[in-house]
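I opened the notebook to look up charged pairs in one structure. My entries follow the order in which I checked things.

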Amino acid sequence: MSTFAVKPTVLLVAAGIGLGAASTAWSAESLQDVLKRRGLSQQDVLAAAKTYVPTGKRDEFVVFSSGGQSGQVIVYGIPSMRILKYIGVFTPEPWQGYGFDEESKMVLRGGRIDGRDMTWGDTHHPAISETNGQYDGQFLFINDKANPRIAVLDLQDFETKQIVVNPIYKSEHGGAFVTTNTEYVFEAAQYPAPLENQKFYPLEEMNDKYRGGMTYWKFDRKEGRINVKESFSVELPPYWQDLSDAGKGPSEGWSFTNSFCSERYVGGIEKGRPPYEAGCSAKDTDYLHVINWKKAAELVAAGKAKTINNHKVLPIDVAVKEGILFLVPEPKSPHGVDVTPDGKLIIVAGKLDTHVSVFSFEKIMAAIKAGKFESKDPYGIPIIGIKDALDKQVQLGLGPLHTQYDSKPCVAYTSLYVDSQVAKWDYCTGKVLDKLSVHYNIGHLMTMEGDSVSPKGRYLVALNKLAIDRFVPVGPLHPQNHQLIDISNDKMQLLYDMPLPLGEPHYAVAIEAAKLKPGVRYKVGTDSRTGKLSPDYVRAGEEVTTKTGNKIVVKGTLIRSHFTPETIEAEVGDEITLHLTNLERAQDETHGFTVSTYNVHASLEPGKTVTVKFKADKEGVYPYYCTEFCSALHLEMMGYLLVKPKGWKPTKTAAVAQAVYTEADYKATLKKVADTQAVIDSVVGFITSVNYKDFPDVVAMVEDATDQLGKIPEAKAKAEAAAAKKDWDQANLWAEQIWQYQVKAADLGLRAKTYLEQNNAKKVQ
Ligand code: CUK
Ligand code: CUA
């Protein structure tokens with residue numbers, strides 16, 4: 001409190017003049033001193049210089065990483081590796097109110113399975129929407145392997161908008177991947193199971209009754225949502241479909257999915273059978289599934305699909321007869337499949353092979369055209385001979401998994417899980433170019449826009465499974481380790497280890513930061529989860545509380561630093577619904593909302609309308625308050641929920657106790673108000689003397705400040721009316737309220753002024 005009891009002019013001085021004094025007092029250490037003191041090498045300093053992003057500067061790339069078992073998405077910058085955000089996707093996220101307000105609960109409800117809320121997820125593969133094979137920065141998709149689901153995030157506000165459940169799988173893995181214009185987002189099954197929901201067949205019937213598949217979710221870009229009705233799947237044999245990639249360029253219209261356990265082995269170590277790990281890796285090859293999705297979509301549209309669980313599924317025999325499904329042998333328990341940027345080659349790595357296999361799309365097409373197949377699988381699917389499809393095989397090392405591409409032609413990077421290395425190699429010549437050790441057991445790796453048609457090169461991130469000896473120990477559960485690697489030179493250079501403390505991030509995607517254009521505020525009254533105006537939003541002055549039966553509906557507003565209303569009165573058993581609108585326009589002026597012990601929380605970014613709902617089932621007094629430190633008077637941003645016993649009647653009619661003020665207090669407050677007005681006038685003078693209208697952020701701050709100042713006449717009238725009646729309590733308190741409006745306006749004004757100064761605003765006449 002005491003900081004704000006000082007004269008407002010002092011605030012201005014602190015904000016403006018304080019900066020100059022700090023820099024002179026110490027005799028600074030030299031760079032050499034620091035290197036010596038911290039035991040750093042030249043190489044360390046070089047790495048630091050390549051990753052350090054000075055204050056006020058920004059990263060070149062933004063990474064969307066899977067949050068693994070957290071069911072979330074992690075956003076961080078490259079090269080700084082600074083974490084920017086965790087986004088709630090499949091699981092509740094308290095900060096963002098995700099799962100604690102009604103609008104986001106609706107999104108999570110879309111992810112219910114068999115009537116059950118799924119409060120955890122196993123996210124694996126994020127994908128950014130593409131236009132002509134380039135990342136366009138509009139949407140992000142990610143899968144949940146455990147509870148087969150896929151989510152749509154809008155990068156306009158980095159929020160999850162939709163979760164859809166896969167209607168026919170019990171697990172899924174080969175997704176999310178997008179087609180070159182994001183017509184479809186697709187995902188493959190992982191562990192085979194009966195496609196009919198809640199249908200039991202014994203494991204002995206694996207070959208006949210268990211199935212895998214490939215689901216193509218139709219994406220409606222205008223709506224920004226998956227169109228479930230227009231989506232379909234292609235039935236596949238009970239091979240364990242694994243990862244996928246979309247064709248591009250010449251291979252556009254096709255998708256590729258590797259598989260393992262084409263043995264269709266059934267384990268049972270407890271029954272004396274060798275375990276899955278032995279039986280599923282016995283054969284020398286598994287199958288790359290090659291599917292013409294464009295034609296599959298036409299066949300589905302022509303009514304050739306059957307319906308399973310309300311979802312269109314193209315049966316294997318139809319797919320075979322229509323010539324849209326083929327298999328290519330691939331060695332040996334493969335894990336990754338990655339189409340080259342030019343769309344001509346498909347690179348598959350076998351976990352138990354030391355090679356990567358480079359398949360030629362042209363050769364595959366030639367074999368299909370010539371009807372040249374070596375055999376059929378037990379389901380009648382034609383198998384193209386491996387020699388007829390292979391361009392080359394390259395020996396890289398132990399446990400190759402995933403491949404990513406460089407901006408330099410023909411250059412690829414493959415993770416070597418067992419060797420704990422990244423191999424840089426040339427897929428045109430088959431030469432190995434470089435190897436770099438990572439720490440340890442790398443899974444995926446990722447280059448900048450590395451799975452688009454035009455990778456940006458520069459950096460690579462190794463997503464390591466183990467982090468032994470890398471970080472200060474934090475118990476048996478280690479953080480994950482993302483290692484940043486400079487790939488701009490011939491030799492790879494390890495730059496940075498980043499512990500990721502959320503879940504095992506299988507895959508990540510990185511986009512040029514400049515391509516992202518997120519908004520900073522919503523149109524006032526927006527329900528962010530639908531993107532539409534909430535039917536229940538109100539503007540300032542329209543706040544209202546109604547009670548019908550035992551249902552109380554509050555339509556309220558938030559603005560620094562108060563809620564309207566500040567009291568909610570209920571009886572035990574009432575159901576309370578609050579529709580709250582944040583009226584702020586200024587950037588980053590988020591308010592939070594919670595009610596003590598009722599387990600609700602909302603994050604209200606500027607302009608957003610959020611609904612919280614709960615049953616006031618306990619008598620008592622429950623403070624509600626703002627959970628974001630939004631202004632100097634943030635702590636005062638509160639109110640009371642009064643839950644009275646049934647039939648309670650007031651016994652006292654006395655006014656609420658107040659502090660007692662004198663005329664002198666009122667005069668002193670008026671003086672403070674006049675002083676503050678002088679500060680505001682000088683700030684306003686500065687702002688209007690420059691081209692502030694060219695800065696949308698400043699315009700928004702000015703709007704908010706004007707809003708605050710606009711409330712003053714009403715408060716002033718009340719103060720003066722009270723003063724005329726010599727009611728010094730009311731007069732002084734309304735004068736204090738004037739000062740509150742001024743302080744917030746001044747705060748905004750000072751921020752606007754700083755912004756303009758730092759952004760070289762120009763003088764206008
Ligand atoms: S997976 Cu985990 S390291 Cu799900 Cu793409 Cu390969
Ligand atoms: Cu609003 Cu704190």
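Entry one. Which side chain meets that of Arg-221 in a salt bridge? I found Asp-136, with N to O at 2.8 Å. For the term I used this rule: a side-chain nitrogen of Lys or Arg within 4 Å of a carboxyl oxygen of Asp or Glu. Arg-221 sits in the loop between strand E10 (212-220) and strand E11 (225-236), and Asp-136 in strand E5 (residues 134-144), so the pair ties together parts that are 85 residues apart in sequence. Helices (H or I, at least four residues) and strands (E, at least two) are DSSP runs, numbered from the N terminus.

A note on the source. I am reading a predicted model, in which local features need pLDDT of at least 70 and side-chain atom pairs count only at pLDDT 80 or more, while totals for chains, interfaces and linings use all residues. Residues are numbered from 1 along each chain as its sequence is written, and side-chain values use heavy atoms, leaving out hydrogens and water.

Entry two. I looked up how open this pair is. Buried means under 20% relative accessible area, exposed over 50%, and partly exposed in between (1.4 Å probe, protein chains only). Arg-221 has 27% relative accessibility, so I wrote it down as partly exposed. Asp-136 has 16% and counts as buried.

I then checked Lys-161, whose side chain meets that of Asp-157 in a salt bridge of 2.8 Å, N to O. Lys-161 is buried at 7% relative accessibility. Asp-157 is buried too, at 15%.

Asp-388 forms a salt bridge with Lys-372, and their closest N and O atoms are 3.1 Å apart. Asp-388 is in helix H11 (residues 386-389) and Lys-372 in the loop between helix H10 (361-370) and strand E21 (375-376), so parts that are 16 residues apart in sequence are tied together. I noted Asp-388 as partly exposed at 25%, and Lys-372 as partly exposed at 46%.

Which residues are joined into one network by salt bridges that share partners? I listed Asp-157, Glu-159, Lys-161, Arg-529, Glu-605 and Lys-608. By the rule above, the count comes to 40 salt bridges.

Entry six. I looked up Ser-104, which is found in helix H5 (residues 102-109). Ser-104 is buried, at 0% relative accessibility. Apart from neighbours within four places in sequence, Ser-104 is in contact (heavy atoms within 4.5 Å) with Gly-97, Tyr-98, Gly-99 and Arg-529. Arg-529 is also a member of the network in entry five.

Conventions
Chains are lettered from A and ligands numbered from 1 in the order in which they are written.
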